[in-house]
Amino acid sequence: MPITPATATHSSSNGTAEAILLELVDEKGVTIGTAEKLAAHQPPGQLHRAFSVFLFDERGRLLLQQRALGKYHSPGVWSNTCCGHPYPGEAPFAAAARRTYEELGVSPSLLAEAGTVRYNHPDPASGLVEQEFNHLFVGLVQAPLGPDPEEVAQTAFVTAAELAERHARDPFSAWFMTVLDAARPAVRELTGPSAGW
């Protein structure tokens, strides 16, 4: 696994841990400052930039990931292929490609922007709040996966019908349906009408 700011243990020159910062934004997505990652998710939450990735295989099946049990936020739930936060000044597209590789060991093919969505989703289990201005991306996965077990418990490729069954049965992230619904026009364009998205 590559060592990156998201996976390394940070130490500053004086030996203290270095905080991971997120970009705070206004309602139009304009950067207005930064905040430490955990602080941005404390109630009532601070609006910050995020991204969500939806990758599909050649059969039009969506790649889901189950978040690792050791995650501080929403552990063990199923969610979209990859999601996260750009570092301050990092383009959302670059962050989406970077994190997909870090979490799943694969680089997306034909990654394309799919709009943005703003939401406020409290997580009842952790008490944390997702106040996000989320950049959406769709693409294809055409290589074998190599998930990082510290990030991903397991993965699954699902059809639209299988997703409906799984969503009714298994726990999913609080934001999953919001980001999927917002990305659906781009998903349909990518996968075609026969895939049923």
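**Salt bridges and burial**

Both lysine 71 and glutamate 151 are buried in this predicted model.

Q: What makes lysine 71 and glutamate 151 a salt bridge?
A: The closest N and O atoms of lysine 71 and glutamate 151 are 2.5 Å apart. The cut-off is within 4 Å, so a pair of this kind qualifies. The partners come from distant parts of the chain, 80 residues apart. Lysine 71 sits in the loop between strand S4 (62-67) and strand S5 (78-79), while glutamate 151 lies in the loop between strand S8 (129-140) and strand S9 (152-158).

Q: What else is linked with Lys71 and Glu151 in a network of salt bridges?
A: Glu90, Arg98, Arg99, Glu102 and Glu103 belong to that network too. The structure as a whole holds 12 salt bridges.

Q: Why does arginine 49 count as buried?
A: Arginine 49 has 8% relative accessibility, and buried means under 20%, so the label follows. Glutamate 23 also counts as buried, at 8%.

Q: What separates arginine 99 and glutamate 102 in helix H2?
A: About one helical turn, because they are three residues apart in H2 (residues 92-104). In general, an α-helix has 3.6 residues a turn, so residues three or four places apart point the same way. The side chains of arginine 99 and glutamate 102 meet in a salt bridge at 2.6 Å, N to O.

Q: Why are arginine 99 and glutamate 102 called buried?
A: Arginine 99 has a relative accessible area of 8%, and glutamate 102 has 3%. The cut-off is under 20%, so the term applies. Other buried residues of H2 include Pro92, Ala95 and Leu104. Among the elements covering the buried residues of H2 are S3, S4, strand S6 (82-84) and strand S7 (109-122).

Q: How do you know that the span of H2 agrees with what it should be?
A: At 1.5 Å a residue, the 13 residues of H2 should span 18 Å, and the end C-alpha atoms are 18 Å apart, so the two agree. Just after H2, glycine 105 takes a positive phi of about 70°.

Note on methods. Residues are numbered from 1 along each chain as its sequence is written. Side-chain values use heavy atoms; hydrogens and water are left out. Buried means under 20% relative accessible area, exposed over 50%, partly exposed in between (1.4 Å probe, protein chains only). Helices (H or I, at least four residues) and strands (E, at least two) are DSSP runs, numbered from the N terminus. The expected span of a helix is 1.5 Å times one less than its number of residues. Contact means heavy atoms within 4.5 Å.
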